[in-house]
There are 2 protein chains.
Amino acid sequence: MAERGRPRNFDRAQALDRALMAFWQNGFAATSMNDLVEAMGINSPSIYAAFGSKEALFAEAVQHYHTAYADDLPAALKSAPDAAGGIEAMLEAAVELFTRANRPHGCFVVNSVASNAPNGIEIEQTLKELRQGRSKQIAERLTEDVRGGRLRDDTPVQELSDLYAAILQGLAQGARDGLAKERLLTIPRHSRALISPWMADKNSR
Amino acid sequence: MAERGRPRNFDRAQALDRALMAFWQNGFAATSMNDLVEAMGINSPSIYAAFGSKEALFAEAVQHYHTAYADDLPAALKSAPDAAGGIEAMLEAAVELFTRANRPHGCFVVNSVASNAPNGIEIEQTLKELRQGRSKQIAERLTEDVRGGRLRDDTPVQELSDLYAAILQGLAQGARDGLAKERLLTIPRHSRALISPWMADKNSR
DNA sequence: ATATTTCTGTGCTGATTGACACATAAATAG
DNA sequence: CTATTTATGTGTCAATCAGCACAGAAATAT
C-alpha cells in the first residue's frame, strides 16, 4: 500500500530526539513552543500534525528517553555475577548517562519532577512510576542473590533498594548541578559498603 | 522615630511564609502572581510594594526557608558525639522536614532545581550553593572525627560527603514523590554502613 | 490531466503571564 | 485643620503562551 498525500519534510525520529534535548535541558513548562520550533527545525503546525500537542510530544519524549537512553541501567544491573557488582555497574552507567558531553546533564526523568504541566496529572504519574520502578528493579536483583545464597536471608531488600534508588536520584541531581564526572564516579565505589554487611560469608552484622 | 504614612495592612513575615508554601509546592515558574495573591491574601500591587518583584519574593522565600526550616539539619549534624551519629541524625531530621503534614513534601531548595526563572541565573546560583553547601558541612564534620582519631587518617572525606549529600537529595526526591515517612526513615539507618569501614578501631578496609 | 490527500508556512487567536498606573484610604507631622 | 507620606484596590498594559485557520505546495490515484 503506497503512501498518499504530500510526504513529510523532516525525520520524525530526529525531531523527537531534538525535542527531548530541549525538554531535558529546560523542563516541560520552561520549554515554549517557540523553543521547540527552533530546536526541532520545523514549524508549529507540523509539530501539532505529527505529535498532537505539546503534552503528547513530551509524553513521547519520555518514552524515547526511556528506551533509547536509560536502557543502559537495567542492562548494567544484570551484567555482573552478583547484585553488589550489578548495582555498582548500574550506578556507574547512570553517571555516564547523566554527564555525557554535548547533552543536557542529569536524568531527564528526575529533572522533569518540578516542571509539571498545568494538566500534568497523567504524565506526572508516568514519571513517578518510572522513578519508583528503579527501586523495584534493584529489589529484584537483590532478591536473586538472596535466593542464590549470596546474600543473607534476613537482608532488608526493600530498604536497601530504596537507599540505592535514593543514591541514583542524588547522582542525577549532582550531575545537573554540574558536579564533575570523576567526582560522581567515586559514589558507586563507596556504595558497595552498603551491601557488604549482608553478604552470606560474613557473620558480623 | 515614628512611622509615617498609612500602615501596612498585613503581616509581612506571614505573607512571606505563605509565599514560600506556594513556591515550595509548585516551583517558581508554575506559581503565578494570581496564585501568590490567593496564597498570601493580598493584592499584587501590595506584593510588589513589599517585595519588589516575583523573583525578589522568591529569593526572600529561599532565605526564609533556609533560616526557618532547614536550620535543623546543621544542628542535628553537630548534635551527636561522633560523625556517624551526627550524619544519621541529620538524615533523620531531613526526612522529618521533608514529610511534615500540612506542608509541601520534599526539600524546597531541591524542588526548585528545574523551576528556573527566565532570568534565573542569580537565584539559581544561590540555590546551587545551598545544595552544595551541605556536602561541605558534612565534610567538616567528618574531618573533625579524623582529627579526633575516631576515623582513620585515610578516610576519603570528600567522597563520603558527596555520597551522603547525594542520599540527602535522594531523600528529598523520594519525599516529593510521596514515599511514606516510615519507609524513608530506614535510609538513615542503613547509611551508617558507609562510614563503618573507616572507623579507627577496625583494621579491615 | 484531474481529483484527492497530506504536509508546510504565514499569521492569527483567546487566554494568561508579570507588572504597574491611577485614584483613594489611612496614618503621621506640623 | 492641612500637608505629606505610604498602603490599598480596581483596572489595565504589553508580552508571551499554546494552538489552530487558511491557503498553497507536493505527493499519489485514477
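UniProt positions are given here in the numbering of this structure, with shortened feature names, and such annotations may be inferred rather than shown by experiment. According to the UniProt record, an unreviewed entry, a "DNA-binding region" covers residues 32-51 of chain A. In this predicted model, local features need pLDDT of at least 70 and side-chain atom pairs count only at pLDDT 80 or more, whereas totals for chains, interfaces and linings use all residues. Residues are numbered from 1 along each chain as its sequence is written, chains are lettered from A and ligands numbered from 1 in the order in which they are written, and side-chain values use heavy atoms, without hydrogens and water.

The annotated span of chain A, residues 32-51, is 80% helix and 0% strand. Its end C-alpha atoms lie 15 Å apart. Helices (H or I, at least four residues) and strands (E, at least two) are DSSP runs, numbered from the N terminus.

DNA strand C is surrounded by 23 residues. A residue counts as near a strand if one of its heavy atoms lies within 4 Å of it. The closest are Asn9(A), Glu3(B), Met33(B), Tyr48(B) and Lys54(B). Of the atoms of DNA strand C that come within 4 Å of the protein, sugar and phosphate account for 79%. By class, the surface near DNA strand C holds 8 nonpolar, 8 polar and 7 charged residues. Here Ala, Val, Leu, Ile, Met, Phe, Trp, Tyr, Cys and Pro are nonpolar, Asp, Glu, Lys and Arg are charged, and the others, Gly among them, are polar.

Helix α3 (44-51) of chain A and α3 (44-51) of chain B each supply at least two residues of this surface. The most come from α3(B), with 3 residues. The side chain of Tyr48(B) places an N or O atom 2.6 Å from a phosphate oxygen of DNA strand C. Arg6(B) meets a base: an N or O atom of its side chain is 3.2 Å from a base nitrogen of DNA strand C.

DNA strand D also has 23 residues around it. Met33(A), Tyr48(A), Lys54(A), Asn9(B) and Asn43(B) come nearest. Sugar or phosphate makes up 77% of its atoms within 4 Å of the protein, and bases the rest. Here α3(A) gives the most to the nearby surface, with 3 residues. A backbone N or O atom of Met33(A) lies 2.6 Å from a phosphate oxygen of DNA strand D.

Note on methods: Polar contact = N/O pair within 3.5 Å; in protein donor to acceptor, adjacent residues only side chain to side chain.
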